[in-house]
Amino acid sequence: MKKLVVQSFAKINICLDITGVREDGYHLLDTIMLPISLHDTLLIQETSRVIDNYITLDEFTIGDSQYNTVTKAINYLEDKYQLNTKFKIDLHKVIPMKAGLGGGSSNAAFTLKAITQYKKINISENELINAAVKIGADVPFFIKNKPARCKGIGEIIEPINIKNDYYVFLVKPEKGCSTQNVFFAADKKHKYPHGNVENVVKALEKGDDELLANSVFNVLEESSIELVPEIQTVKDELKEIGFKIVLMSGSGSAVFGLTRDKKLLKVANKKLENKYHTIVAKVLK
């Protein structure tokens, strides 16, 4: 049977604000996410040899595979469209876990897209986004996988045109951040350090790196740094090396430096590759 090879991309949050909390506990966000070239790989194949979907992962820290987002995506499609076949999926993980890079959400979104195309399911992009919302907050973004401002619980997606081409230097501290713990810690503060999302949009669309450097923000940073102090250390090191645009992505613990300077990437990698997990990627437009 045909085997699909699917790249499942990561993202960074170039800004992240919390605008409220719903009654069900979900946080309402206003964030700008940029897809990057770093990706996991999904090998998807129909199978008649098993009575249930079979998912293998080469990253053992993920835990019991029956609870991962890929399983949720397949289960949704089975229930919604009465699929009469099962799938074997091999998931090769490269995107670090507990990093704020959206790896699990991406895996779910690209599984949804791949299987609906493979099975020739008649579903619109908006219907896919609605399905993605049921799986997780960041999943809808990866349906389009384009730079966007995302609001609500991720279901409101406003595309953004980015003028400049950026490289991303990612640093992942050894300790990761639990999204649940970070939001809980942030909620206890009762007040978020809000920034100006409009300025970030303006800077990206006009290619104003100085404005971008002065406008990026993440309301979860303070709480994440309390849980993983190394995040602040990494931020300071990236700025000392010469990065002007530096921020923690999502709920952490990954920190990124954004640049158009290839030489700066080489300098940073030489200084930090033996201390941290470092990755060089590009922003996808």
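## A charge over a ring

K113 lies over the face of F110, at 4.0 Å from the ring centre; a charge sits over a ring if NZ of Lys or CZ of Arg is within 6 Å of the ring centre and within 35 degrees of the ring normal. This is a predicted model, in which local features need pLDDT of at least 70 and side-chain atom pairs count only at pLDDT 80 or more, while totals for chains, interfaces and linings use all residues. Residues are numbered from 1 along each chain as its sequence is written, and side-chain values use heavy atoms, with hydrogens and water left out.

## Aromatic pairs

The structure holds 3 aromatic pairs, where rings of Phe, Tyr and Trp (its six-membered ring) pair if their centres lie within 6.5 Å, and planes under 30 degrees apart count as stacked, over 60 as edge-to-face and the rest as tilted. One of them joins F9 and F110 edge-to-face, at 6.0 Å centre to centre and with 65° between the planes. Because F9 lies in strand β1 (residues 3–21) and F110 in helix α2 (residues 103–118), this pair ties together parts that are 101 residues apart in sequence; helices (H or I, at least four residues) and strands (E, at least two) are DSSP runs, numbered from the N terminus.

F9 counts as buried at 14% relative accessibility, and F110 counts as buried at 9%, where buried means under 20% relative accessible area, exposed over 50% and partly exposed in between (1.4 Å probe, protein chains only). Another edge-to-face pair is formed by F141 and F142, at 5.1 Å centre to centre and with 75° between the planes, and both F141 and F142 are buried.

## Helix α2

With 16 residues, α2 reaches 22 Å from its first C-alpha to its last, close to the 22 Å expected at 1.5 Å a residue; the expected span is 1.5 Å times one less than the number of residues. The helix α2 is mostly covered, as 13 of its 16 residues are buried, and just after α2, K120 takes a positive phi of about 55°.

## The cavity

The structure holds 1 cavity of 30 Å³ or more, a cavity being a set of points on a 1 Å grid over the protein atoms alone where a 1.4 Å probe fits but cannot get out, with lining residues having an atom within 4 Å of a point. About 40 Å³ of space lies in the largest cavity, a volume being the space filled by probe spheres set on the points, which are joined across faces, edges and corners.

The lining of the largest cavity includes L29, M33, D138 and K151, and the elements that give two or more residues to this lining are β2 (27–47) and β5 (148–152).

Methods. On a 1 Å grid over the protein atoms alone, a cavity is a set of points where a 1.4 Å probe fits but cannot get out, and a pocket is an open set with protein on both sides within 12 Å along at least five of seven lines; lining residues have an atom within 4 Å of a point.
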